[in-house]
Amino acid sequence: MNYKLSWIFPKIRQEDYRSMARERILFECIECGMVTLRWLGRCPQCDSWDSFVEKQEEGVKSDRGKVQKEVRPIPITDFGDLQMPLSSKKLSSGIKEFDRVIGGGIVQGSAVLIAGEPGIGKSTLALQIAGFWSRKNGKVLYVHGEESLHQIQDRARRLDSCHNNLLMLGTNTLQDVVSTIDSDNFSLVVVDSIQSLSNLELSSVPGSVSQVRECTFELVRKTKEKDIPMIIVGHITKDGYIAGPKVLEHIVDTVLYFDGDGKHSLRLLRANKNRFGSTQEIGVFEMGSDGLKEIVEPSALFLNGRVEGVSGSIVMPILGGTRPMLVEIQALVSKSHVVQPKRGVVGLNLQRVTLLVAVLEKRAGLSFGDRDIFVNVTGGINIDEPAVDLPLIMAILSSYWDIPISLRCSAFGEIGLGGEVRPVNGSKVRLGEIAKFGFQKCFISVGNVNPPLDNDCVGVKVVPLNNIRELIEFMSNMEG
Ligand code: TYD
Ligand code: MG
């Protein structure tokens, strides 16, 4: 077994395995914290690859086990009309898109993790919120362990976040942060970043799983005790050498992922876990020279740059929580020059695309065996809702036959394995959005036409479809 592992994963040599086994060295997954006796290439718990690192000795002298006061369970009916401070107060962050994603505002005493790749704009977002908060709600403690005061001040000036209530603490030690929180009445604590903090009672290096987990645990405990909200910034890296925020997901109340194409200025904020709101909402921002700007009308942005008369493109309304957004689905079907034709997908699930191509072959009698198929969703959006099936098939057919779809035509609907077009949720909201942007025609499932559509959809001619055969009939009669 050792031989095989060291052969497959040449990072650790066979003799190292033996000495590790002798010395009882443990390994820990930096993503989910799972501990094993030997190094594994793939974590059986969270499925991440190459995430096991040697577990550091932890010389923890904790008094957490000591019982400090008598505790006893209370019947739930005995609480009376107790006002829970946690759910009672939501305060605005000053950024509407952020408030919408988080569920209306930051809840008093809650811990919010903003996770994302380095350079995506987490510190910028946190500093913008801290600046607004210090003006509106009083003292804010901003712990910066990564950047110098000079860098932060320069950024704060550009973001217009400078205020004498914004107190900066440059430290890498958890104990400093905890004692500072105790020393004053803060209305918000921002920790940028959790990977730069370390608990002096642990011997492991900053950024290791145990440090990240212990520091977060202590900080959350402290802020809950004082009933102040906290924003924690956490890096995730593709190579996975720094402990990922997965370790923290169960400790904090809300996990927000901040992503986007680093090369473009578009940034998306979405909630992965939210104790105080939905996880469906998407916040859209643009990174500019003076920080992050909210994009209240993302559809207009995503529709920019469309060209008339080009095949393989259609716009669909997706539902990002309560707000619909128009995004463009593009497909390119070209003659393949290799034995196994290529399938390339950006912004969609490859398996879903392969499945829909198989449905087209079986139910419409088309052949894609000698065609490469590439599919793209513009604007860096990832779509995981089934409503994308119908527009995707239309984009593929449009490119296959080289028939452009009119710029004023849209579609949404799920496709079943039998080729039937199925209804999806939110049809009125979706149709309302495409009507707002001047679309004139929309292909939908027959099931979405009933109940009758209301005035919001005025101007849009709805084309109800039962199956993809009907779609093909329509498309073959289409003149762009
Ligand atoms: P930053 O917030 O430091 O990222 P993170 O904390 O996630 O590592 O943002 C870094 C990038 O943002 C950097 O490439 C510069 C860019 N940026 C702007 O374009 N405009 C701005 O006003 C600011 C503050 C940053
Ligand atoms: Mg940063």
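**View 1. Polar contacts to ligand 1 in the predicted model.** A backbone N or O atom of Gly 121 sits 3.0 Å from an oxygen atom of ligand 1. For Ile 120, a backbone N or O atom is 3.3 Å from an oxygen atom of ligand 1. Arg 158 places a polar side-chain atom 3.4 Å from an oxygen atom of ligand 1. Polar contacts here are pairs of N or O atoms within 3.5 Å. Of the 560 Å² of accessible area that ligand 1 has on its own, the protein covers 74% (Shrake-Rupley method, 1.4 Å probe).

**View 2. The shell around ligand 1.** The shell residues (a heavy atom within 4 Å of the ligand) divide into three nonpolar, seven polar and five charged; Gly counts as polar, and Asp, Glu, Lys and Arg as charged. Gly 119, Lys 122, Ser 123, Thr 124 and Gly 288 come nearest of the 15 residues around ligand 1. At least two shell residues each are supplied by α5 (122-137), α6 (149-159) and β13 (282-288), with α5 giving the most, three residues. Helices (H or I, at least four residues) and strands (E, at least two) are DSSP runs numbered from the N terminus.

View 3. Leu 127 lies in helix α5. Leu 127 counts as buried because its relative accessibility is 1% (buried: under 20% relative accessible area, 1.4 Å probe, protein chains only). Leaving out residues up to four places away in sequence, Leu 127 touches Tyr 142, Ile 152, Arg 155, Ala 156, Leu 159, Ser 161 and Leu 166 (heavy atoms within 4.5 Å).

**Notes.** Residues are numbered from 1 along each chain as its sequence is written, and chains are lettered from A and ligands numbered from 1 in the order written. In this predicted model local features need pLDDT of at least 70, side-chain atom pairs count only at pLDDT 80 or more, and totals for chains, interfaces and linings use all residues, while side-chain values use heavy atoms, without hydrogens and water.

Notes: Polar contact = N/O pair within 3.5 Å; in protein donor to acceptor, adjacent residues only side chain to side chain. Buried < 20%, exposed > 50% of the residue type's maximum accessible area, 1.4 Å probe, protein only.
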